[in-house]
Amino acid sequence: MAETIKIEFDIKPQQQERPRIGMKSEYNRSKTYTRRKPFLYDPKKTTEYKKQLAYLANLEKSVNYFEPLSGALALNVTFYILPPKSLSKVRHAMATKGELLPFKKPDLSNYIKSTEDALNGILWKDDAMLCDINAKKRFSDEERIVIEVSKINDNQY
């Protein structure tokens, strides 16, 4: 029987934003300035999202006592976002029923990236183990993320 973990997170999905660049001063042993070195970092909203999602996943992990999955894994994830406020009541109802789909930014792939990074080492040992990904972006009146991870097999090479 395949191992499966299914969790619903009540959190607003956040896309992986472009990394920012900063400058760091380097000093030698005698504490004298040598040069400035650039470094990359995630924007604050992305970092906070990853921390909050990891916290919620660890909380779920402590309650349900599961280990991170390994081997070839399949990921099914659905991101539920709020419909635009500019929609009429009729179109809003259509959107929440799934008749209207969110085809504008932010990209689905950026939602996946930030979520994979946040759950790395918690639901799966490494996100490189994800062989199949089925992802959806839908409108809903409640922002949330539904994740289902299942082991395909234990193949080792």
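Q: Where is Thr34 found?
A: Thr34 is found in strand S3, which spans residues 33–41. Keep in mind that this is a predicted model.

Q: Why does Thr34 count as partly exposed?
A: Its relative accessibility is 41%. Buried would need a value under 20% and exposed a value over 50%, so at 41% Thr34 counts as partly exposed.

Q: What makes Thr78 count as buried or exposed?
A: Thr78, which lies in strand S4, has a relative accessibility of 14%. The cut-off for buried is under 20%, so Thr78 counts as buried. If we leave aside neighbours within four places in sequence, Thr78 is in contact with Lys136, Arg138, Arg144, Ile145 and Val146.

Q: Why is the pair of Phe79 and Tyr111 called stacked?
A: The ring centres are 5.2 Å apart, and rings pair if their centres lie within 6.5 Å. The planes meet at 25°, and planes under 30 degrees apart count as stacked. Both conditions hold, so the pair is stacked. The structure holds one aromatic pair, and both Phe79 and Tyr111 are buried.

Q: Why can the pair of Phe79 and Tyr111 be said to tie together parts apart in sequence?
A: Phe79 lies in strand S4 (residues 72–81) and Tyr111 in helix H3 (residues 108–119), so the pair joins parts that are 32 residues apart in sequence.

Q: How do you know that Arg144 lies over the face of Tyr80?
A: Arg144 is at 3.9 Å from the ring centre of Tyr80. The distance limit for a charge over a ring is 6 Å, with an angle within 35 degrees of the ring normal as the other condition. Arg144 is listed as lying over the face of Tyr80.

Q: Which residues have the most contacts inside the largest nonpolar core?
A: They are Phe9, Leu119, Leu123, Trp124, Ile145, Ile147 and Val149, in a core of 29 residues. Strand S1 (4–9), helix H1 (44–64), S4, H3, strand S5 (130–139) and strand S6 (144–153) each supply at least two residues. S4 gives the most, with five. In soluble globular proteins, nonpolar side chains tend to be buried together.

Q: What does Trp124 touch, not counting residues up to four places away in sequence?
A: Trp124 touches Pro68, Leu69, Leu73, Leu75, Thr115, Glu116, Leu119, Leu130 and Val149.

Q: How do you know that the buried residues of H1 line one face of the helix?
A: The buried residues of H1 are Thr46, Tyr49, Lys50, Leu53, Ala54, Ala57 and Lys61. Seen down the helix axis, they fall within an arc of 125°, so they line one face. On the other side, Lys44, Lys45, Lys51, Tyr55 and Val63 are exposed. The buried residues of H1 pack against S1, H3 and S6.

Q: How does the span of H1 compare with the one expected at 1.5 Å a residue?
A: H1 has 21 residues and reaches 30 Å from its first C-alpha to its last, close to the 30 Å expected. For H3, with 12 residues, the reach is 17 Å, close to the 16 Å expected. What covers the buried residues of H3 includes S1, H1, S4, S5 and S6.

Q: What makes Tyr65 stand out in its backbone?
A: Tyr65 has a positive phi of about 50° although it is not a glycine. Most residues other than glycine have a negative phi. Tyr65 lies in the loop between H1 and S4. Its relative accessibility is 73%, so it counts as exposed, the cut-off being over 50%.

Q: What is the peptide bond from Lys105 to Pro106, cis or trans?
A: Its omega is near 5°, and the bond is cis. Most peptide bonds are trans. Pro106 is found in the loop between H2 and H3. Gly98 is also in the loop between H2 and H3, and at 40% relative accessibility it counts as partly exposed.

Notes
Residues numbered from 1 in each chain as written. Predicted model: local features only at pLDDT ≥ 70, side-chain atom pairs only at ≥ 80, totals over all residues. Heavy atoms only, no water. Phe/Tyr/Trp six-rings, centres within 6.5 Å; stacked < 30°, edge-to-face > 60°. Helix = DSSP H or I, 4+ residues; strand = E, 2+ residues; numbered from the N terminus. Buried < 20%, exposed > 50% of the residue type's maximum accessible area, 1.4 Å probe, protein only. Core = buried A, V, L, I, M, F, W, Y, C linked by side-chain atoms within 4.5 Å. Contact = heavy atoms within 4.5 Å. Expected span 1.5 Å × (residues − 1). Arc of directions from axis to C-beta.
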